[in-house]
Amino acid sequence: MTFDVVVIGAGFGGLTAANHAALGGVKPLVLEAGSDDLYMCNSRVATGALHVAFRSPEDSEDDLYQAIMDQTSATARTDVARMVAENAQATIDWMRDEGCDFMQHPRRSYGLPMMAPGRAMRAGLDWEKSGPNLFLQALGEKLGARGGELRRGARVSSLLIEGGAVIGVVLEGGERIAAKAVVIADGGFQADRELIGKHITADPAKIRQRNTQTGRGDGLRMAMEIGAATLGLDKFYGHVLSRDALDNEKLWPYPQIDVICAKGMVVTPDGKRFADEGLGGIYMTNAIAGLADPLSATAVFDSSVWEDARESDIVPPNPALVENGGTVLQADMLDELAAKAGLDAAGLAATVEEFNGLIRAGSAPALSPARTTKTYPAHMFEKPPYYAIPLCAGITVTSGGVAVDGRARVLDTTGVPIPGLYAAGSVVGGLEGGPGAGYVGGLIKAFGIGRIAGREIVSKIAG
Ligand SMILES: Cc1cc2nc3c(=O)[nH]c(=O)nc-3n(C[C@H](O)[C@H](O)[C@H](O)COP(=O)(O)OP(=O)(O)OC[C@H]3O[C@@H](n4cnc5c(N)ncnc54)[C@H](O)[C@@H]3O)c2cc1C
């Protein structure tokens, strides 16, 4: 069988690329591993906040570019960052033209558009009536109306290559499909234990899959097999969750424990801090996943932080965490709390004493590890009762992946585009990550880079 373009994966990255190809007169076939009508993928269950490094995509190109660089400590590829920033406005305009509605994010006061209707801001996974699910279905229908095809139950296992150029794909089971161009949009490698065990955590069984477990690293593997370069495989986007989320479905993807961690402190069983809580929940969840035992982190804080948690975060953990069966330990004395939480009482007392002393003196950077306070002021332990929440890392989607240039073309290890091969969405590396685990946005990565990949293929094939 021959198509102009084969797209691997029918999330927002793949369907955006395919629809742009079809709009440009190029015939796309989208191959999707999931076989259900409403096949699972991260796009379907996304909350729907469309942002570029937490800025509105309608901000100026230069501001967005700078925000990406700030988020990633300037580790993002400049051409990819520029591509995303330059195309952000056009991307949201296209989404509107395609019928996607937007609303103001209910919990982010700084003007982030959210795909409407918004999901209910409550614990658990809740996607059926949400804007992302409806828009994903709409994009699939539009693709058919534009002459494209979406085939479900079709998992791609490798790329066909001839004379250094990609000329098609091979499906599980051996079927070969020829194409003039291939777009990898399989959604990342977060659900592949071997790959995350190699790059992200010592014990993949001890981190919570905060996603649909459809990103199994197929795209990364098949691209590497033909010599593609990779970037930033060591970081991921995710949030800190209650340890109970490992086997309680009501405790993921919300409530997140990010803000509690960022205002209080996070310790290992010896009662010692191990990371800069002030850098926020995405950084902290990476730090927890990186511990020798990823189930050894506990948030400790005083009642002022717990009271604040009624207001803070997308789904306030107070009371959602308790109502949905999450462990929140409480005691009037620190040593009593340590005993309940399995922490070394002397170690915790020493850490709290140092923490209170240096925060009171305005010397948070002198703590070890240093504590930044720019975004989240540190709360001293002053007001009992004291609280502890056993934590785990929740992985939503990997940040790194296949290297592309500013035209969504996959690069080989010498930096040269591999003819016929493109990538979009969470399989793309080089835009996110860096020392602070910078997050630019899963949706803009899918819609924005998907749009560029589709348009690039049109200009290549249709001239
Ligand atoms: C709970 C949750 C909330 C989120 N909220 C937000 C948010 O508010 N804002 C934001 O910016 N981001 C958010 N994200 C992230 C965002 O949803 C994703 O990063 C984005 O949707 C990824 O799109 P994608 O097309 O790359 O991958 P996906 O949507 O995962 O689609 C990839 C598809 O490829 C298929 N596939 C995989 N392997 C193969 C193969 N070998 N052959 C064929 N098909 C294959 C999969 O089955 C899947 O359908 C959220 C994610 C989750 C899980």
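In what order do the 3 strands of the open sheet stand? The order is S10-S16-S19, and the pairing within this open sheet is mixed, where strands (E, at least two residues) and helices (H or I, at least four residues) are DSSP runs numbered from the N terminus, and two strands are said to pair if DSSP finds at least two bridges between them. The structure is a predicted model, in which local features need pLDDT of at least 70 and side-chain atom pairs count only at pLDDT 80 or more, whereas totals for chains, interfaces and linings use all residues. Residues are numbered from 1 along each chain as its sequence is written.

Strand S10 (230-231) and strand S19 (428-429) stand at the edges of the sheet, and each has a single partner strand, so one side of each is left without a neighbour in the sheet. The pairing of S16 with S19 is parallel and runs over 2 bridges, and Val402 stands opposite Val428 in S19. Helix H7 (residues 218-225) packs on the sheet and touches S10 and S16, its direction making about 40° with that of S16; such axes are lines fitted to C-alpha atoms, for helices over the stretch in contact, and the angles run from 0 to 180 degrees between N-to-C directions.

A further set of pairings involves strand S18 (residues 417-423), which is mostly covered, with 5 of its 7 residues buried. A residue is buried if 20 or more other C-beta atoms lie within 10 Å of its own, exposed if 12 or fewer do, and partly exposed in between, the C-beta atoms being placed from the backbone. Strand S8 (residues 176-184) is joined to S18 by 3 bridges, and the two run parallel, with Ile184 opposite Ala423 in S18. S17 and S18, by contrast, pair in the antiparallel sense over 2 bridges, and here Leu411 stands opposite Pro417 in S18. These two strands, S17 and S18, form a hairpin with 5 residues between them, and Gly415 in the turn has a positive phi of about 90°.

Leaving aside its neighbours within four places in sequence, Ala423 is in contact with Val183, Ile184, Val402, Val404, Ala408, Val410 and Val428, a contact being a pair of residues whose C-beta atoms, placed from the backbone, lie within 7 Å. Ala423 is also among the residues that touch the most other members of the largest nonpolar core, which has 150 residues, together with Ile68, Val84, Val182, Val183, Val402 and Ala424. A nonpolar core is a set of buried Ala, Val, Leu, Ile, Met, Phe, Trp, Tyr and Cys residues joined through C-beta atoms within 7 Å. At least three residues of this core come from each of domain 1 (2-233 + 399-461) and domain 2 (236-395), the bounds of which come from an automatic or database domain assignment.

The centres of domain 1 and domain 2, taken over C-alpha atoms, are separated by 32 Å. Contacts between the two parts involve 23 residues of domain 1 and 31 residues of domain 2. The residues of the side of domain 1 that touches domain 2 divide into 8 nonpolar, 8 polar and 7 charged.

Helix H9 (residues 281-289) is mostly covered, since 9 of its 9 residues are buried, and these buried residues pack against S11, H8, strand S12 (265-267) and strand S15 (386-398). Val305, found in helix H10 (residues 303-308), counts as buried because it has 25 C-beta neighbours inside 10 Å. Not counting residues up to four places away in sequence, Val305 touches Ile260, Lys263, Gly264 and His379.

Some backbone angles also deserve mention. Most residues other than glycine have a negative phi, and most peptide bonds are trans. The peptide bond from Trp252 to Pro253 is cis, with omega near -5°, and the bond from Tyr254 to Pro255 is cis as well, with omega near 0°. Pro253 lies in the loop between strand S11 (236-242) and helix H8 (258-263), and Pro255 has its place in the loop between S11 and H8 too. Ala74, in the loop between helix H3 (61-71) and helix H4 (78-97), has a positive phi of about 60° although it is not a glycine, and Ala74 is exposed, with 12 other C-beta atoms within 10 Å. Ala408, in the loop between strand S16 (401-403) and strand S17 (409-411), has a positive phi near 65°, but Ala408 is buried, with 27 other C-beta atoms within 10 Å.

Note on methods: Ala, Val, Leu, Ile, Met, Phe, Trp, Tyr, Cys and Pro count as nonpolar, Asp, Glu, Lys and Arg as charged, and the others, Gly among them, as polar.
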